[in-house]
Structures are given as C-alpha cells and as structure tokens.
Amino acid sequence: MSGDLAREIAAACRAALPCGRPLALHEPTIGAAERRSVDACLASGWVSSAGPFVARFEEALCAATAAKHAIATVNGTSALHLALLAAGVGVGDEVLLPALTFVATANAVSYCGAIPNFADIHPQTLGVDAHALDRYLKESAGRGAHGAFNRVTGRPIRAIVVMHTFGHPADLASIAEVADTWCLTLIEDAAESLGSTYRGRHTGTLGRLGTLSFNGNKIVTTGGGGAVLTDDPELAERVRHLSTTARVNERFNFTHDALGYNYRMPSINAALGLAQLEQLQCALAAKRELAARYDRAFRAVAGVRFFVPPQPDTSNHWLNTLILDERHCAQRDRILAMLNDEGIGARPAWTPMHELPMYRGSPRMPLPVVDRLARAIINLPSSPSLVTHATD
Ligand SMILES: *Cc1c(COP(=O)(O)O)cnc(C)c1O
C-alpha cells in the first residue's frame, strides 16, 4: 500500500515538474549577471569586507525589504547570534522559539549563554502558535520588575524568536500581542522568507530585529551569508560594531571596546548577492508557479495533503511541503527512499529541537503539533529553475 502511495507521489511530482533530470531539493540559479558582478569585485581588489560592495548590498537589502538598516554577516546563524546579543539576551536568560526549526535558531540562543524554551506551532502556518504560547506563559511564567520569568526555572524570559517556516509568514500580529503582554523582545528568523510579506510588510521587519540567510539553498544566495534587519538605529549600530570585532575607529590602532566577532560579510559574497537580489522578483514568480503546479498535481492523491499557507500570495514558497495522513507517517522513510531512488530529492523536516541531545533537557510547552507534523512532512524539490531557466 505504501509502495502505491510512494508511486502516486512520484507521479504527481513528475506531472508538476515535466523534466527528466534528477531534481535537487533546492539549487541556486547563477547566471551571467552574477559572474559579471563577482568579476567586478575581484578586479576592484576589494575582496574582504572593506570597499563599496558590502555597503551596496546592504542598501539593496533595505530597498528590497523596506528595513531602515541592514547589516550583512558571514551567515544567517551569525546574524541570529548578533540580533540576540543586540536585544540584550545574555547568560542564564531563556528565549522562546519554535521546536520545529533549523538548529541554528536554537544554537544562536545557546551561543549567548541563554537557554531555548520550545514553543509549539500552528498547523495552518507552521509557525509559532500564539494561543498555545499565551496559555503556556499564563501557566508557567510570572511578571517581575525586570519583565517575564519562568516560574519553574526562575530564569528571566527575555525574547521570542519566530521563524517563518519554509517561507510562510507566521501569525505575527497575534504573536506580537503576546510578546507585548509579556515584555518579550520579538525577533524574526526570516532566513527562509526573503520576499514573503505579512500585512504588506516584509517578514523580518516587523520584530525589533530580523535576520536573513543567503546560504546556497535559500531563495537569494551569496554562497554563504546573512543579514540583520532593524529599524532601530542604535540596535543597528550595536550589531555593526559587534560584527566587526567591536573595533574602535582610530586611524592606526587596533583597539576594541567589547567582546566582538569577525562576522562581517566579505565583498565577494556581497557582489554575488547584488546580482542575485536583482532576480528576486523572477524567483518569487517561479516559486509561486511551482507551488501552484504541485497543488494541482496533488489534489487527486489520497493520503497526503499539499501544504498551502493561509495567504499563498504573501509567501515566497521557499520549500514545498507535503503532509502525510497520520496512517501513512510510519511509511515516511520508505516513501522518501523511493522518491530519492527515482531522482526526486525529497527530504523530511528537521528533527524537532527537543529531540536533539543538547536540547532534550530544555524547558518546553506541550508540543503535540510539532510531534505530529515532524513525522508527517516531506519537502519536495523547490528550485526556481524548475520553472524558469537561467538565460545563459
Ligand atoms: C538557513 C537557516 C538559518 C541560517 O543558516 P546559515 O546556514 O547560517 O545561513 C537559520 N534559520 C533557519 C530557519 C534557516 O533555514
């Protein structure tokens, strides 16, 4: 029976993606414009972080997202680390974040000496469930002179990081309301959601700070890279300072006034990113078309549901997602094996954070939706090049 379902899923994928070659989960589209831009950078001699390319890339990010400030970093993980530090997250604090995310979201909290506190997700958005969060805080948190604290562990709860899963915007308005009630700093891990909007505003710009990733599998890539977005000039300055070893600008001396990091994006990556950003609208159109094709192809397949977010027009549809009916979840790995044997680069969702050895002891609310969906999700090939092709 599962063999039949796997064959039906493969057939639906082939119907949505009429091309014979093996299909990676997500691959970048690199064209002549990218090569010209990187060539110009190499020819200029500005290959490290100094020079005009990084600043130009940051300006382009501000233009693309309407953020007032963007600080480019070496990857999305370092952007998260800096955003948390700038928000004042420190040793012994707790930070709420979804249990279903890429491990970087939780690791960045740990790098600050803070402890992740895992939240459940909403089945319709795949992002943090505001109502479950509210219930959890009412049951387990208290309010002190310095904000919220965990009544069980006694530790301050400083911030909440929301993540826009597979590019689909989380329910930011409801989450922001809970964050306000509990004096939690709202940070958005928008690593997957460049191009996605919430009520007309770009994801990553609704929280106090937001972060992006430009890893090779994201919708815009710089090879490796990330950025912090914020409208607050002081937070922007703090992030920029920490990303450049907290160096005090003096003409000749190397002097540093805090524990800083070497997290600044190099120019070669920024040059690649400048050309990639020009293609964002094209990539978004391709992604939305691809999601619509999958949606059509899977309508007739019983036993699975193609995930469609509440407002499909606002999502970048970074990774397409199939959700197995409960009765088929035990067969997921066999289905994955068969799809991959047929050249369809399908993958499961991440192992939930609370199942990883370093986070098993972390505080958490009941996680029924994460526990159910983590076993049911299959991500499907999602490269924009499956719809459009590089022009050269
Ligand atoms: C990609 C990603 C990041 C950042 O990853 P880097 O590889 O460090 O750029 C962070 N969070 C999520 C949810 C991601 O998908």
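Student: Which residues are buried in helix α8 (residues 233–243)?
Tutor: Happy to start there, and keep in mind that this is a predicted model. Helix α8 spans residues 233–243. Its buried residues are Leu-235, Ala-236, Val-239, Leu-242 and Ser-243.

Student: Within what arc do the buried residues of α8 fall, seen down its axis?
Tutor: An α-helix has 3.6 residues a turn, so residues three or four places apart point the same way. In α8 the buried residues line one face of the helix, because, viewed down the axis, they fall within an arc of 135 degrees.

Student: And which exposed residues does the face of α8 turned away from its buried side carry?
Tutor: Exposed here means over 50% relative accessible area. On that face of α8, the exposed residues are Pro-233 and Glu-234.

Student: Let's move to the ligand. Which residues around it come nearest?
Tutor: There are 15 residues around the ligand. By class, this shell has four nonpolar, eight polar and three charged residues. Helices α4 (76–86) and α5 (103–111) each supply at least two residues of the shell. Those that come nearest are Gly-76, Thr-77, Glu-192, Ser-213 and Lys-218.

Student: How much of the ligand's exposed area does the protein bury?
Tutor: A polar side-chain atom of Asp-189 lies 2.8 Å from a ligand nitrogen, while a ligand oxygen is 2.5 Å from an N or O atom in the side chain of Glu-192. Lys-218 has a polar side-chain atom 3.3 Å from an oxygen of the ligand. Taken alone the ligand exposes 380 Å², and the share of that buried by the protein is 91%.

Student: How many disulfides are in the whole structure, please?
Tutor: A disulfide is a covalent bond between the sulfur atoms of two cysteines. The sulfur of Cys-183 is too far for a bond, because the closest cysteine sulfur, in Cys-112, is 20 Å away. A search of the whole structure gives a count of zero.

Student: Is Cys-183 buried or exposed?
Tutor: The cut-off for exposed is over 50% relative accessible area. Cys-183 has 55% relative accessibility, so Cys-183 counts as exposed.

Student: Where does Phe-166 lie, and what is its phi?
Tutor: Most residues other than glycine have a negative phi. Phe-166 is buried, with a relative accessible area of 1%. Phe-166 lies in the loop between β6 (157–163) and α7 (172–181), and its phi is positive, about 55 degrees.

Notes: Residues numbered from 1 in each chain as written. Predicted model: local features only at pLDDT ≥ 70, side-chain atom pairs only at ≥ 80, totals over all residues. Heavy atoms only, no water. Near = heavy atom within 4 Å. Polar contact = N/O pair within 3.5 Å; in protein donor to acceptor, adjacent residues only side chain to side chain. Areas by Shrake-Rupley, 256 points an atom, 1.4 Å probe, with all protein chains shown as cover. Helix = DSSP H or I, 4+ residues; strand = E, 2+ residues; numbered from the N terminus. Nonpolar A, V, L, I, M, F, W, Y, C, P; charged D, E, K, R; others polar. Disulfide = S-S within 2.5 Å. Buried < 20%, exposed > 50% of the residue type's maximum accessible area, 1.4 Å probe, protein only. Arc of directions from axis to C-beta.
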